[in-house]
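Keep the sequence and the model in view while reading.

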Amino acid sequence: MSNDQPTPGQPPEDDDPFLKKPQEPSPPSEGRPYGSAPPPPPPPPPPNDPYGGGGFGAPDPLAGMPPLAEPGKRILARLIDFLVISIPLYLISLPWGGAVDVNGDGDDGFGDAVANGYGGSQLLWSVIGLVVYVAYDTYFTHKDGRTLGKRLLKLRVAMLNDGRVPDTGAALMRAVVLWAPALLCCPCLWWLINIVLMFTDKPYRQGLQDKAAKTVVVAAR
């Protein structure tokens, strides 16, 4: 008989659930040694910022959005908006001499009209016109991204980063940058710059007002 028999009442060694047994090391993960920590997760993708933070590989902000508006339609829509406000405003101003002085005489008539346009009642009406234009553009842009001209031409203003309707701050910024220089200091140069940008700016055809408010004009569905 063997003397290695377990004592009565004691379970065999292999059946003892509390007996600590050496554990075999787990097989190494492919590409890393025993016991090393797993590699850190990759960094998150860069933010969707078209103004310099996105970097290479950032998703296109216009993905899934309607196509960019055609420059010709944008110009026509802006002309409609201009007439919608200018004609009633001029008619209202007639009892006070009119918002624009067109009564210049002689060889210097045009120069006098330009000079008088920034003094007296013409300056007052320019400021009133600025307030009306900015309020008009801000209200309709914040409402649904479409002024009356854009509605007729089936266009709308959208935030560049996600396509939503501009909030009040963005709509106001866009309206001020669009109308203040055009009505108070350099209308011809200002419109020329914006028209050129509509055709040449890459990749979003942004005018100066769009760059300031971070908006884009797209075709409405």
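Helices (H or I, at least four residues) and strands (E, at least two) are DSSP runs, numbered from the N terminus. By this definition, Tyr133 has its place in helix H3. The model is a predicted one.

**Overall layout**

The protein contains 7 helices and 2 strands. Read from the N terminus, the order of the elements is α-α-α-α-β-α-α-α-β. Of the 221 residues in the protein, 33% are buried. Among contacts between residues at least 6 apart in sequence, 67% join residues at least 24 apart.

Is Tyr133 buried or exposed? Tyr133 has a relative accessible area of 3%, and since buried means under 20%, Tyr133 is therefore buried. Leaving out residues up to four places away in sequence, Tyr133 touches Phe82, Ile85, Ser86, Trp179 and Leu183. The C-alpha atoms of Tyr133 and Asp81 are 8.9 Å apart, although the two residues are 52 apart in sequence.

Tyr90 belongs to helix H1, which covers residues 71-93. Tyr90 has a relative accessible area of 34%, a value between the limits of 20% and 50%, so Tyr90 counts as partly exposed. The pair Tyr90 and Trp125 is 35 residues apart along the chain.

The two pairs are set out below.

| Pair | Separation along the chain | C-alpha to C-alpha distance |
|---|---|---|
| Tyr133 and Asp81 | 52 residues | 8.9 Å |
| Tyr90 and Trp125 | 35 residues | 9.1 Å |

**Nonpolar cores**

Which residues form the largest nonpolar core? This core has 11 residues, namely Ile85, Leu130, Tyr133, Val134, Tyr136, Phe140, Ala175, Leu178, Trp179, Ala180 and Leu183. Helices H3 (120-144) and H5 are the elements that give two or more residues to this core.

Helix H5 has 17 residues, and the distance from its first C-alpha to its last is 23 Å, close to the 24 Å expected at 1.5 Å a residue. The buried residues of H5 are Ala170, Ala171, Arg174, Ala175, Leu178, Trp179, Ala180, Pro181, Ala182 and Leu183.

Two packed helices are described by the angle between their axes and the distance between the axes. For H5 (residues 168-184) and H6 (residues 187-200), the axes come within 7 Å and cross at roughly 145°. On the H5 side, the contact is made by Val177, Leu178, Trp179, Pro181 and Ala182, while H6 supplies Pro187, Trp190 and Trp191. This contact of H5 with H6 has 8 nonpolar residues, no polar ones and no charged ones.

**The two strands**

Strand E1 (residues 155-159) is mostly covered, with 5 of its 5 residues buried. In a regular strand, side chains alternate between the two faces of the sheet. In E1, Leu155, Val157 and Met159 point one way, Arg156 and Ala158 point the other way, and all are buried.

How many bridges join E1 to strand E2? There are 5 bridges between E1 and E2 (residues 215-219), and the two strands run antiparallel. Val157 has Val217 as its bridge partner in E2.

Note on methods. Residues are numbered from 1 along each chain as its sequence is written. This is a predicted model: local features need pLDDT of at least 70, side-chain atom pairs count only at pLDDT 80 or more; totals for chains, interfaces and linings use all residues. Side-chain values use heavy atoms; hydrogens and water are left out. Axes are lines fitted to C-alpha atoms, for helices over the stretch in contact, and angles run from 0 to 180 degrees between N-to-C directions. Contact means heavy atoms within 4.5 Å. Ala, Val, Leu, Ile, Met, Phe, Trp, Tyr, Cys and Pro count as nonpolar, Asp, Glu, Lys and Arg as charged, and the others, Gly among them, as polar. Buried means under 20% relative accessible area, exposed over 50%, partly exposed in between (1.4 Å probe, protein chains only). Two strands pair if DSSP finds at least two bridges between them. A nonpolar core is a set of buried Ala, Val, Leu, Ile, Met, Phe, Trp, Tyr and Cys residues joined through side-chain atoms within 4.5 Å. The expected span of a helix is 1.5 Å times one less than its number of residues.
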